[in-house]
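Try each task before you read its solution.

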Amino acid sequence: MNAPSSATGPVVRIENLSLAFVGQDQVVEALRGISLHIDAGEIVGLVGESGSGKSVTAMNLLRLLPRTKVQIPEGATVNVLNQDVLKMNETALRTMRGGEVSMIFQEPMTALNPVKRVRQQMNEILQRHQHLDETAAEALSLSLLKDMKISDPARVYNAYPHELSGGMRQRVMIAMAFSCKPKLIVADEPTTALDVTVQAQILNLLKDRAKATNTAVLLITHDLAVVAQICDRVYVMYKGKIVEEGATRAVIGNPQHVYTRALLNALPEGKAPKSRLETVAAAMIEGGTAEAAAPAPVRASRPPSDKPLLEIVDATVSYASRFDMLGRAIGYNTAVDHVSLTINEGETVSLVGESGCGKTSLANTLVGLVPLSGGQIKYRGQDLAALDAATRREIQIVFQDPQSSLDPRWPLWRLVTEPLTVGNSPGRAALCAAAADLCGMVGLDRNSIDRLPHEFSGGQRQRIAVARALSVRPRLLLLDEPTSALDVSVQAQILNLLLDLQAEHGLTYLFISHNVSVVRHISDRVAVMYQGKIVETGAAEQVLTRPTHEYTRTLMDAVPSLEKVFANR
Amino acid sequence: MTDIAPPASANTATLDRYKRSRFKNISNFEVIVAGILVTIIAVLAIFGSFLQTHDPMQGDLMARFTPVGEKGYTLGSDNLGRDLWSRMLVGLRWSMSCALTANLINLAIGSTLGLLAAERPGWPRTISRQITDTLQCFPFLVVAIVVVVIIGHGFWPLVLTLGFLAWPIYQRVVFAEASSIFQRDYVKAARIAGVGRFRIMIQHVLPGIRASLMVIFAFHFAGLLIAESALSFLGIGAPLGVPTWGNILAEGRQYMLRAPWMMLVPAGAIVISVVTMNLAGDGIAAMSRKRGRSIDV
Amino acid sequence: MSTVVDTTGGGGAGANRSFLASAMPVLLQLRRLAFLLFFVTTLLFFLLRAAGDPALVLAGTDATPEQLALIRAQYGLDKPLLVQYLNYMWNVLQLDFGKSLASGENALLKVLDMLKRTLHLAFMAMTLSSAIAIPIGAWLGFRPETLGRRIVGGIVFVFQGIPGYVTALVLIQFLAVNLRLLPSLGYGPLEWKTWIIPTISLAFFMMPQLIRVTAANVAEAMREDYIRTARAYGASPMQLLWRHALPNALLGTAALLGTQFAMMMGGSAIIETIFSWPGIGWLLLESTQTLDFPVVQAEAFVIAVLVFLINALVDLSFRYLDPRLRNKEA
């Protein structure tokens, strides 16, 4: 360990830091005069939406941004362990990186080298900073992995990253971060890529280890509930500035800044189901006053009828997974296993489950992308497979990733009217008129119909995807994680839009999500899916507050929730 | 109801920037240079017969081994006193039309099989890949030598041999790229909306792979030029008596000491045209990468 | 919180697979090889039959009809084509391609003898080109933006446009003719001087592509997340390159080496002709032009098997270099 850093003073002290990226023809300001400090052993959250500058702040702590492309005006200080990193040379920085300060990244699959064993990757760091020999490094690594509550550290230690699950990889990453007894760990969205149940374990692990070793943590996240769960203090960032800071409880319980308030109001959690969520944009434009926003009135949505629109009876979907020499399938994976579910007209049914539980396979089957291997699906009393094209088109889908769901070469008017051109060919003028109407319906600018997808923001692209689905006047809309690629404030807008559209057009939704608070907000009924089976079905309120199945209970316990955190503290 | 990320007023600015960047992309240095060179080559190939200063076949025995630029022989003359410039023009036309036709045949076969394999999993894919694997396992120059020798000299034997043997690169790239486009949600959305397979192919997939096809077309053109000149260097491509760069080079080789230009002129021409095609491929690839980035951002 | 057990268990997946399942990749490869050899031999049989009458080649052009008939009967050439084809395939199955029409040697042995020399050349050229190209490629891809790298990149780009036989001719001109340092042609197994120009010409032809692919792969690897991780844990630029980026980037290089080997089997025909190097490239041209059917067929067969083996070797090295592929079936 390096001698000079003493235990006195804060671990990190940033003052008046501005930072800009210099491109070929433009300069983009990423940070505008931020100041923050972290004390020894403290867990500090840095919250903000995408583009707020939170990751830039983190990367700049160890000067990991390419120096030729970054401009830092005079007058800034970035002190880490009483050393000014802005004045340090690369060699000195390298001793600090991974030694006294280490990092945890978001995507554990890509953050670990795919062609090296965990053994090589951990030992490399121990040899570099602690100058241990192979045996000592192995002993230490194994004990570190054991500290991560891994039951078979020896297997994990000798495995390649692809042989481990996402949660296990993130444990390895955390073990690496703690390996050289750092004073500070910077965790950049450490749980965003993980399932809810795994996320809870990883967060607790991070917190326990940090407290046990008196290590300071800077946790970067977009999720206020994650901050509430483990952070002592929190900074809120918006467009390159820190707009609010304070003890987690104070900031979340009694936010002072308009943006923080708006962000909390945009969360569906704790709001009346199906109520209109306040959007950040509105709050920032109106420059809201100190009073909390008036609770929005619950929309008068039509009560769902008892008439079944879609009946899924004993549906099974399996994929061929292994083939013999002639290319015939000899092994199958069952993605959906004897699932039964009924959706009534005008109702919102949510399908909740973690990744790989089969919810997306079921959705793909409903729209005919994947054939049914067993059971039956009936739409308005008819077998799905026997439907005529016009009726089949009454079922439409909105995908998760608006980036991939729009052809990057098509202008808006072509994108949203593509379904209308099937079977007949209306002229361009008619299509443009239809496109303008659809834009009006989903809250897009009618004059933007000539623009290409990349000229729109993520939320606007998701509106385009909704508009395309609406173009053929569907009755049943499958929403496959429609908000999980979006920021909280944008998510609120899309949820509002979906509720408005349902009230106006009497749509039926099958809402697929892993996000329990969103599901609670939008659904009438909920079905919980686990390993291809539906383990529990019932009214939303009942399933989510008084779960009967063991898995549902585990899931509910794992969901980070502001209310729960404050109730327990 | 607008999203916060870009303020509404920024949209026109974004549009302007996009237009400007598109213009800037075209002014890519490599593409400009390659464009100029390709134009020159095309003009020489098409109007070559008007630019000949001598009869390419008829030699003047009094003017054997005339060095470059002397006595009206722009690129010198050969061992029989034939004008090298005029012979090179004939060779240019032969080589270019050979490579172009073979390339178009490759493009047609390779992309059809690639699209088929990407669109239809199951036996069409298996067959398409099996054929490609087999051909790829077999160096096409080896097959070409055997086939051309056996079928005989001439334009069509050579072009058809190259055309039917050298397409696997197209199949592989088209298969990879088209498969990835078929996985995109926008293609799924189109299928759900009832858009037919053929229309999806024409409207979504082909525009998506167009840039890659242009890049391979350029690089493959260079490869075919090398293959063609190599075959005629061995004396098995072009019919006897037709001057091609390959056989001019082979003749020049015998007079390496006496008249080095007889070797250097065709060798230089081959190198320049191959580099031009590589340059075009590189430039188009750089352009589409740049544009891809501006779309992704 | 209790300890957790990883459920994905990629490591132990192979243990309970049946023997048949684990032999599948090999069987699939053998199926491919069988298909390839069937395709090649059949195609060549009919092509060569279409090209000329083997009896005429055997007997010479001034043979009498009686002599021709005798030869036809002797070689089974008077039977229907299909019977001849089946006979021929039966012989091929026993690796019997017949005797060379020109010299009377066993065709297969003759080809294998020539193959030895071609393989020597190919091996030397590939070693030389990888030894030079991989370090240069790594250097170029590591930080592509500097002026020096751009200039080297440009030179490599122009060199990529120079066909191998042009290089060979230029080298002969300078080293053999002008400077009289080396012999311009010929082959001597122990005469190292005869090896230099052919090796350099072949290596020179393959190098630019190898450099460019390595550089592109290194540049791509350098943008990956695990490089950022390594940097965040204090790795120096050299460690980033050699320990982290290069092992990943070499995957693409290995694939290219396989392709280049196949290309070289074709390219050797030209280089060997230029240098009168008695390898299979030279033999291919020779035997095709004299319609020496058994030799051509044996040669095609050998090249196909060889290229196939090289591809299988590349596959294998992929499995070694990329552990993600180890547990996967072909």
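Predicted model: local features only at pLDDT ≥ 70, side-chain atom pairs only at ≥ 80, totals over all residues.

Residues are numbered from 1 along each chain as its sequence is written, chains are lettered from A and ligands numbered from 1 in the order in which they are written, and side-chain values use heavy atoms, leaving out hydrogens and water.

**Exercise 1.** Describe the make-up of chain B.

Step 1: Count the elements, taking helices (H or I, at least four residues) and strands (E, at least two) as DSSP runs numbered from the N terminus. Chain B has 11 helices and zero strands.

Step 2: Check burial, where buried means under 20% relative accessible area with a 1.4 Å probe and protein chains only. Of its 297 residues, 54% of chain B are buried.

**Exercise 2.** Find the buried residues of helix H6 (residues 155-165) of chain B and what covers them.

Step 1: The buried ones are Pro157(B), Leu158(B), Val159(B), Thr161(B), Leu162(B), Gly163(B) and Leu165(B).

Step 2: Their cover includes helices H3 (84-119), H4 (123-136), H5 (140-151), H7 (168-183) and H9 (197-233) of chain B.

**Exercise 3.** Is Thr199(C) buried or exposed?

Step 1: Locate Thr199(C) in helix H8 (residues 193-222) of chain C.

Step 2: Thr199(C) is buried, because its relative accessibility is 6%.

Step 3: List its contacts (heavy atoms within 4.5 Å). Leaving aside residues up to four places away in sequence, Thr199(C) touches Leu121(C), Met124(C), Ala125(C) and Leu128(C).

Technical notes
Buried < 20%, exposed > 50% of the residue type's maximum accessible area, 1.4 Å probe, protein only.
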